[in-house]
Amino acid sequence: MDLRIENLFRPDILRIEGYRPEAFLKGIKLDANECPYTPSLMWGPKMVREWQLNRYPDPEAQALKKAVARFWNVRPENILQGNGSDELIYYLIAVTGGPVCYPVPTFSMYGIIARILGYRTIEIPLDERFDIPLELFRKAIREERPRIIFLSSPNNPTGNCFSEEKMLTIIKEANCIVVIDEAYQAYAENGDGFLRYIRDFPNLLVTRTFSKIGLAGIRLGFVFGHEDLLREINKARLPYNVNSLTQWIALQILRKKAFFKGIVKKIISERQRLMESLERIEGVTVYPSKANFILFKVRDAGSVHRGLLKRGFIIKNLNGLLPGCLRVTVGRPEENRAFLKALKEVL
Ligand code: PMP
């Protein structure tokens, strides 16, 4: 198996040089065709001056990367920033090309982005425990030669983590990029997840996002991996993909590690409570979850979904993908209590 960079990316990507924005220098800026004025905002002049909304954001998000490095205990050179991890998935598929391989059911954007970019998809059904069917993956790797494999762990929408051993086997045996999508890792209770392996494997990338820990509105996600891999992916990244407000807000909030620990703890204990309550309802089968949502099965998912909607509760109907299944996000305690009451009525 030859995992040289030349074999992991599209050959034409390797040849192009990425856009090089001017270095982010302090001084009298007359280089970037910005306007020296900025609308005065209602928040007051000091904040406006700090944000400098008339200027482009730091294209390399250097201060932010340093803070993220501390937050997740990695090196800044092993981090690439995205406008949500969605955007990074787009870049990843763009630079590797297809076929794009992933288990099903999983996060739908892997397949959607692959198709938009014109690449073939290889969809491998999960086993009966929603884990990775290793032999099917081995066969696909051997016979169909995927260029990139996505494994979401914890997996959306099933909620479980895949077997760590199987994921490691795929990373070791695949001769392509393997992305472990850790969007829900905060809730997985698995320590550091796969971040601890990024310097061990030349084809491993890990993605994370702030969307599931209280900041979906600012759109901020990251991909972690060896700097040689990130250099190629960075060619596809639009230079100013993470805007100034997001960079600024994230910098303020990342200092508050205790805040994140607190909300994660709250959601995990609420998840436990919600799972136990769902299990006690007759006609409901609950699947174990390591994420901030719970997959459950009822006899008639369509009518339960409609009944809940009528009562003002929006949950995800997965009937087409997993017969009888619905997915509910763990909310605040009072929201969960109200949801349980409505579900019982509907059933
Ligand atoms: N990966 C998975 C598995 C997800 O479920 C989601 C969001 N639903 C994302 C990535 C995208 O997250 P974002 O773009 O908000 O960072």
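**Strands, helices and backbone features of the predicted model**

Proline 154 is placed in the loop between S4 and H8; helices (H or I, at least four residues) and strands (E, at least two) are DSSP runs, numbered from the N terminus. The peptide bond that leads from serine 153 into proline 154 is cis, with omega near 0 degrees. The structure is a predicted model, in which local features need pLDDT of at least 70 and side-chain atom pairs count only at pLDDT 80 or more, while totals for chains, interfaces and linings use all residues. Residues are numbered from 1 along each chain as its sequence is written, and side-chain values use heavy atoms, with hydrogens and water left out.

A cis peptide bond is also found from glycine 98 to proline 99, again with omega near 0 degrees. Proline 99 belongs to the loop between H5 and S2. Alanine 61 has a phi near 45 degrees, which is a positive value in a residue other than glycine. The loop that holds alanine 61 runs between helix H3 (45-51) and H4.

Strands of a sheet pair through backbone hydrogen bonds, either parallel or antiparallel. Here, two strands are taken to pair if DSSP finds at least two bridges between them. Seven strands make up an open sheet with mixed pairing, in the order S1-S7-S6-S5-S4-S2-S3. Strand S1 (79-82) and strand S3 (121-125) are at the edges and have a single partner strand each, so one side of each is left without a neighbour in the sheet. On average, neighbouring strands of this sheet are turned by 25 degrees against each other, direction ignored. (Axes are lines fitted to C-alpha atoms, for helices over the stretch in contact, and angles run from 0 to 180 degrees between N-to-C directions.) Within the sheet, strand S6 (residues 204-209) and strand S7 (residues 221-225) run antiparallel and are joined by five bridges. In this pairing, leucine 205 is opposite glycine 225 in S7.

Helix H5 (residues 85-96) packs on the sheet and touches S1, strand S2 (100-104), strand S4 (148-152), strand S5 (177-181), S6 and S7, where contact means heavy atoms within 4.5 Å. The direction of H5 makes about 155 degrees with that of S4. Helix H8 (residues 164-173) lies across S4, S5 and S6 and runs at about 155 degrees to S5.

H5 also packs with helix H6 (residues 109-116), at an angle of about 45 degrees and with the axes 10 Å apart. The two helices H5 and H6 are therefore oblique to each other. (Angles under 35 degrees count as roughly parallel, over 145 as roughly antiparallel, 65 to 115 as roughly perpendicular and the rest as oblique.) In the contact, Asp86, Ile89, Tyr90 and Ile93 of H5 meet Met109, Tyr110, Ile113, Ala114 and Ile116 of H6. By class, the contact of H5 with H6 has eight nonpolar residues, no polar residues and one charged residue; Ala, Val, Leu, Ile, Met, Phe, Trp, Tyr, Cys and Pro count as nonpolar, Asp, Glu, Lys and Arg as charged, and the others, Gly among them, as polar.

H4 and helix H10 (residues 244-254) pack at about 30 degrees, with their axes 10 Å apart. H4 and H10 are therefore roughly parallel to each other. Ala63, Leu64, Ala67, Val68 and Phe71 of H4 make the contact with Gln247, Ala250, Leu251 and Leu254 of H10. This contact of H4 with H10 has eight nonpolar residues, one polar residue and no charged residues.

Across the whole structure, a search finds 19 aromatic pairs. One of them is formed by phenylalanine 71 and phenylalanine 260; the pair is edge-to-face, at 5.3 Å centre to centre and 80 degrees between the planes. Phenylalanine 71 lies in helix H4 (residues 62-72) and phenylalanine 260 in helix H11 (residues 257-279), so the pair ties together parts that are 189 residues apart in sequence. (Rings of Phe, Tyr and Trp (its six-membered ring) pair if their centres lie within 6.5 Å; planes under 30 degrees apart count as stacked, over 60 as edge-to-face and the rest as tilted.)

Another open sheet is formed by four strands with antiparallel pairing, in the order S8-S9-S11-S10. Its edge strands, strand S8 (285-286) and strand S10 (316-317), each pair on one side only. S8 and strand S9 (residues 293-297) run antiparallel and are joined by two bridges, with threonine 285 opposite lysine 297 in S9. H11 packs on this sheet, touching S8, S9 and strand S11 (325-329), and its direction makes about 10 degrees with that of S9.
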